Amino acid sequence: MSDEAAETDLGHVQRMWADDEASRGLGMEALVIELDHAVVRMEVTPAMVNGHAIAHGGFVFTLADSAFALACNSGGTLTVAAGADITFVAAGRLGDVLVAEAHQRRTFGRSGLTDVTVTREADGAVVAEFRGRSRSLPPR
């Protein structure tokens, strides 16, 4: 397979998503899966709202992390999170649909940086900014 064909074959990451019980269990839907880019959406359900009547930050983080995983695995090498940071900008509320858009920014050696912006679908307001650090695993 040519390098160009390898870059456009995303079957491996689509299979990874199909096997992702955690994301599916939270009702996440992958809208876009492309090389170095992914978009995932999730509705905030009653089980995701905290004692302040807003979306629990852990669920917002999980949404961003799922988009991050798709983007950083899109190149075909098994890649895992080495760390991540999130900044919460605005609150999500019950019934809001949140959209996480991930862009892999840089790879260097076996490491990478991926940025994810989480927005509220209804008005485009930024809910959170996430930066994930990834590490590709050597072939077995």
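F68 and F130 are both buried, meaning under 20% relative accessible area with a 1.4 Å probe and protein chains only, where exposed is over 50% and partly exposed lies in between. This is a predicted model, in which local features need pLDDT of at least 70, side-chain atom pairs count only at pLDDT 80 or more, and totals for chains, interfaces and linings use all residues. Residues are numbered from 1 along each chain as its sequence is written, and side-chain values use heavy atoms, leaving out hydrogens and water.

Let's look at the rings. The model holds 2 aromatic pairs, counting Phe, Tyr and Trp (six-membered ring) with centres within 6.5 Å; planes under 30 degrees apart are stacked, over 60 edge-to-face and the rest tilted. F68 and F130 make a tilted pair, with 5.7 Å between centres and 55 degrees between planes. F68 sits in helix α4 (residues 57–73) and F130 in strand β6 (residues 126–136), so their pairing ties together parts 62 residues apart in sequence.

Now the whole protein. It has 4 helices and 6 strands, taken from DSSP runs (helices H or I, at least four residues; strands E, at least two) and numbered from the N terminus. Their order along the sequence is α-α-α-β-β-α-β-β-β-β.

| Property of the protein | Value |
|---|---|
| Buried residues | 36% of 140 residues |
| C-alpha box along the principal axes | roughly 50 × 25 × 25 Å |

The average pLDDT (the predictor's confidence in each residue, from 0 to 100) is 93, and 94% of the residues score at least 70.
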